[in-house]
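Please look over the structure shown here. The notes that follow it are meant for a first reading.

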Amino acid sequence: MTTTPSFAQRFAKLADERSPFCLGLDPSRDVLARWNLPDTVQGLSDFCDRLADAAGDTLAVVKPQSAFFERHGPEGLVVLQRVLKRFSAAGTLTLLDVKRGDIGSTMDAYAESLFGKGSAYDVDAATFTAYLGLGALAKTVERARAHGACAFVVVRSSNPEGVPVQNAVGDDGRTVAQAVADGLRELNEKAGPGVLPAGAVMGATLPPADRDVVERLGNALLLTPGIGSQGAGFNDLPRLFSGRERQVIPTAARSVLEAGPDVAALKKALEAHQAPSRGFREGA
């Protein structure tokens with residue numbers, strides 16, 4: 001059994017020392033253009049360096065969106081590996097947004113590329129989807145546990161296209177989201193107290209009706225994208241997550257990136273997101 005502290009334990013410490021805020025790294029073509037950077041590997045690299053300079057050692061979690069690096073081919077993935085290492089060196093937890101979801105040896109290979117020393121990315125956490133069945137992710141969650149990492153599984157997303165699938169009702173009367181939430185809670189209970197290798201992605205813009213899904217997740221960490229440009233504010237978090245404040249990882253990307261490319265302006269934008277995220281965590 002690993003002696004590495006779990007992601008949940010490390011996040012709790014950093015959230016108290018810094019803030020629970022998670023910065024999304026989304027170097028889309030549009031963002032690079034607004035920053036007057038070329039849509040090239042060099043522009044991608046410059047984008048990452050400026051954000052890393054602005055963040056320093058103030059972030060608990062950083063969440064690069066893999067697609068924006070993958071679209072630049074192998075050289076883009078080299079930049080991704082480099083920026084992950086740079087944030088790790090600053091003591092920041094790295095959460096790669098890849099939303100992998102498959103079965104058998106294919107899923108095992110994805111997990112091997114993400115978690116553990118010597119893996120391609122060696123991240124502290126990553127995102128996954130359970131459309132092929134939560135059971136297909138069981139080994140992934142176990143690998144995450146063994147390496148002190150966390151697998152964040154999409155439970156309820158904010159996009160309207162996800163509603164018919166996530167709210168579809170099965171033969172047992174549970175929605176898909178409820179069933180996935182129940183399964184994640186069971187995986188965490190199996191791992192033992194405080195380990196929590198199975199996290200949940202729960203959009204910050206979801207309606208109050210999704211409070212039931214949050215309750216079913218038990219003590220799982222909750223990655224909550226959607227703050228800022230997607231319409232949610234920090235004052236919206238209590239609607240779904242009151243009583244679960246210390247489980248929430250408030251996440252935003254565009255509302256911070258809009259302040260770039262000036263490093264000083266980015267620092268101010270980060271502070272503007274970190275302060276209310278600390279307040280929410282402390283129940284203020």
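1. The model is predicted: local features need pLDDT of at least 70 and side-chain atom pairs count only at pLDDT 80 or more, while totals for chains, interfaces and linings use all residues. Residues are numbered from 1 along each chain as its sequence is written, and side-chain values use heavy atoms, with hydrogens and water left out.

2. Helix H5 spans residues 74-89, 16 residues in total. From first to last C-alpha H5 reaches 23 Å, close to the 22 Å expected at 1.5 Å a residue. Glycine 91, with a positive phi near 85 degrees, follows H5.

3. Which residues of H5 are buried? They are Gly76, Val79, Leu80, Val83, Leu84 and Phe87 (buried means under 20% relative accessible area, exposed over 50%, with a 1.4 Å probe and protein chains only). They lie on the same side of H5 because they cover an arc of only 135 degrees around the axis. Pro74, Glu75, Lys85 and Ala89 are exposed on the other side.

4. The buried residues of H5 pack against strands S1 (22-25), S2 (61-64) and S3 (93-100), and against helices H3 (41-55) and H4 (66-70).

5. The axes of H3 and H5 come within 10 Å and cross at roughly 10 degrees, which means that H3 is roughly parallel to H5 (angles under 35 degrees count as such). Residues in contact (heavy atoms within 4.5 Å) include Leu44 and Cys48 in H3, and Val79 and Val83 in H5. By class, this contact has nine nonpolar, two polar and five charged residues.

Key
Helix = DSSP H or I, 4+ residues; strand = E, 2+ residues; numbered from the N terminus. Expected span 1.5 Å × (residues − 1). Arc of directions from axis to C-beta. Axes fitted to C-alpha atoms, helices over the stretch in contact; angles between N-to-C directions. Parallel < 35°, antiparallel > 145°, perpendicular 65-115°, else oblique. Nonpolar A, V, L, I, M, F, W, Y, C, P; charged D, E, K, R; others polar.
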